[in-house]
Amino acid sequence: MKKIDIYIIRKFLGTFFFSMVLILSIVIVFDLSERLEKFLEKEAPAGEIIFDYYVNFVPYFANMFSALFTFISVIFFTSKMAYNSEIIAILSTGISFRRMVRPYMISAGVIAGLSLLLSAFIIPNANRKRIAFSEKYIWKPYNFKESDIHQQVAPGEFIYMSGFNIYAKRGDNFTYEVFKDDTLVSKLSANSIVWNDKKEKWTIKNWVLREFDGTNETYTVGKEDIDTVLNFSVKEFTEDPKKIKERLTLPELDEYIARQKLRGSSNVVEYQIEKYKMFSGAFSTFILTLIGVCIASRKIRGGMGFHLGLGLLISFSYILFMQFSTVFATNGNMNPLLAVWIPNILFSVVAFFVYRAAPK
């Protein structure tokens, strides 16, 4: 690496982290002013507000808008270099524009790697504390409203409940059916099942077990409650499914998607989108960096203000495209992988043309 590489990398990463700290500080001040009344009303301890909420809020928000921070940073310091004639000086020494872009891509690689690491492993663990705090002091309690619940919980195993009370952690009119080669081999029926927090097991009340072996049937009536482990968790009914995906690391997300597919769940697409966003978001750093350096390296009328305005327009366009495509995937029939990568594909085309038009 040459001095010019180190200079650009230092400028890029320095501007990126400085702008992130500045904007996050402003966001925290506004968020605190908005939620202060609730914190005081619920008597939230200062230690929990700082360490459980805001310490875990910072990486979540920073990673969510890392593409925006990246683009603005590139536009800002590259535009300043262009108007100080530093870009012209670099190119006039015989260094090609392609060679000059190399330290930008190295810096983008550092940011992309951090973004992927955060979204895949660190932020989900931080979100558990942040969401737990929010459920306790900010949000309204989650209420499970579904009735006539049918689920496949394992290959050949199906459950049914007429309803589930999340406060009592009780499912009513419960049945558990086991099939082998499309043939019913056992059926457990109960008036109710209740989750036992201490034993971490289900307590089955007033149960009847029917077992089938060809034409023979064994009929057993339960006179006492039994505690048992079943292939589903109480958390599937007591936790908001929209918040579950924010608490899953990449390996946990893969397992959850496989389990939801097995059960025929209708919200599998949302979790697939969450997974694919981890990679597409990291890759977008390279695309937006290339667009930014190509735009900001040329002197144009309007100065740095025009560059920043154009940068914000392109950044928000990218975010808007991402929102549109994921909505189509969630509510339509679009492939979730394609939906998540459409903005990257479109902006890669934009990057190609602005690179062709960049000063050489």
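This is a predicted model: local features need pLDDT of at least 70, side-chain atom pairs count only at pLDDT 80 or more; totals for chains, interfaces and linings use all residues.

**Exercise 1.** Which residues does Gln272 touch, not counting those up to four places away in sequence?

*Solution.* Contact means heavy atoms within 4.5 Å. With that cut-off, Gln272 touches Ile257, Lys261 and Pro336. Next, Gln272 belongs to helix 9 (residues 268–296).

Residues are numbered from 1 along each chain as its sequence is written, and side-chain values use heavy atoms, with hydrogens and water left out.

**Exercise 2.** How many aromatic pairs does the structure hold? Take one apart.

*Solution.* Rings of Phe, Tyr and Trp (its six-membered ring) pair if their centres lie within 6.5 Å; planes under 30 degrees apart are stacked, over 60 edge-to-face, the rest tilted. The structure holds 29 such pairs. Phe39 and Tyr53 make an edge-to-face one, at 6.1 Å centre to centre and 75 degrees between the planes. This pair joins distant parts of the chain, 14 residues apart: Phe39 in helix 1 (residues 3–41) and Tyr53 in helix 2 (residues 46–64). Phe39 is buried because its relative accessibility is 2%, and Tyr53 is buried at 3%.

**Exercise 3.** Which ring does the charged end of Arg130 sit over?

*Solution.* The criterion is CZ of Arg or NZ of Lys within 6 Å of the ring centre and within 35 degrees of the ring normal. Arg130 sits over Tyr60, 4.0 Å from the ring centre.

Key. Helices (H or I, at least four residues) and strands (E, at least two) are DSSP runs, numbered from the N terminus. Buried means under 20% relative accessible area, exposed over 50%, partly exposed in between (1.4 Å probe, protein chains only).
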